[in-house]
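Here's a quick briefing on the model you have open. Have a look at the structure first, then run through the points below.

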Amino acid sequence: MASQSHIALDLLKKAHPPEVAAAIFTDKVLHKPLRLRPTSPDPNSRDARAQRRRHRLHRKEKTKRRQRPKPLSAKEKRVTGIYEIPKDAQKYDLYVPLHKMWLAYMQEILGMKPGEQNRVTAQNAGPKIASADYHGSKLMVVRSRCVSLVGLEGIVVRDTKFTFQIITRKSKMKTIPKKYTIFQFQIPQPVSSAQDTKEDRMEVDGVDSSSRKPLIFELNGSQFENRATDRATKKFKQRNLTEI
């Protein structure tokens, strides 16, 4: 039985003369070196692999440090209670200094100066009052669809998107929804430090006891359903409101 020729040799004979085909077959097929991978790894390659692994872990750790921390979810916030005020801090007297600082803050942004006739109008004071921070303000509910809330007054300790959390004079925490609620607050006329010491015009809770009447403002809570940080950049528009 004749030996079967190699298929590669048959294909080469169709493209080249027999001598050339035999030379190409011998050089490229029969004498082609077959490189095998060693059974045991090279020690140098093992060190290189460990070095690449260390470099990869170092780069991953560096990238992780650059990333911002993941914010807490609503469930995690409730479990940890990071926004809850502890019982020993729920005292009205603790927030009176905060209220005095807020009064000075409002007098400053409204441009009210002691000993001068301060003219505050809706055009110049409206945008400033709408974008102000109300932590430390003393708010009183004057109108609301919930009748039991009318007359409630206290210092704001937390301003959320939909509620004001206040502490009353009886050191009780109350959460008041903003929607369908009208709040009122007062800003006394500023007095100089000499007049304040001499005549004792400012009471403990920050209400001006002088003959000059304080400025009284009202807030529509339905239009204030924003966080304090978002409200600082929000532009408010004048609208006719018939909700209350």
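Predicted model: local features only at pLDDT ≥ 70, side-chain atom pairs only at ≥ 80, totals over all residues.

His-99 sits in helix α5, which covers residues 96-109. With a relative accessible area of 4%, His-99 is buried, since anything under 20% gets that label.

**Overall picture**
- The protein chain has 8 helices and 6 strands.
- Reading from the N terminus, the order of elements is α-α-α-α-α-α-β-β-β-β-β-α-β-α.
- Out of 244 residues in the protein chain, 28% count as buried.
- Take the contacts between residues at least 6 apart in sequence: 58% of them join residues at least 24 apart.

**Another buried spot**
- Thr-168 is in the loop between β3 (163-167) and β4 (173-177).
- Its relative accessible area is 11%, so Thr-168 counts as buried.
- Leaving aside residues up to four places away in sequence, Thr-168 touches Tyr-92, Leu-152, Glu-153, Gly-154 and Lys-174.

**Salt bridges**
- You'll find 3 salt bridges in the structure.
- One of them pairs the side chains of Glu-218 and Arg-143, at 3.5 Å from N to O. This pair links distant parts of the chain, 75 residues apart: Glu-218 is in strand β6 (residues 215-220) and Arg-143 in strand β1 (residues 138-144).
- Glu-218 is partly exposed at 42% relative accessibility, and Arg-143 is partly exposed at 39%.
- Lys-178 forms a salt bridge with Asp-159, and their closest N and O atoms are 2.9 Å apart. Lys-178 is in the loop between β4 and β5 (181-187) while Asp-159 is in strand β2 (residues 153-159), so this pair ties together parts 19 residues apart in sequence.
- Both Lys-178 and Asp-159 are buried.
- Arg-227 and Asp-230 also meet in a salt bridge through their side chains, at 3.9 Å from N to O.
- Arg-227 comes out as partly exposed, with a relative accessible area of 45%, and Asp-230 is partly exposed too, at 39%.

**Surface charge**
- A patch of positive charge on the surface brings together Arg-49, Arg-52, Arg-53, Arg-56, Arg-59, Lys-60 and Lys-64.
- Within that patch, Arg-53 has its place in helix α3, residues 43-66.

Technical notes: Residues numbered from 1 in each chain as written. Heavy atoms only, no water. Patch = residues over 30% accessible without salt bridge, like charges linked within 9 Å, V, L, I, M, F, W, Y side chains within 5 Å. Areas by Shrake-Rupley, 256 points an atom, 1.4 Å probe, with all protein chains shown as cover. Salt bridge = Lys/Arg side-chain N within 4 Å of Asp/Glu carboxyl O. Lys, Arg positive; Asp, Glu negative; His and termini not counted. Charge placed at Lys NZ, Arg CZ, Asp CG, Glu CD. Helix = DSSP H or I, 4+ residues; strand = E, 2+ residues; numbered from the N terminus. Buried < 20%, exposed > 50% of the residue type's maximum accessible area, 1.4 Å probe, protein only. Contact = heavy atoms within 4.5 Å.
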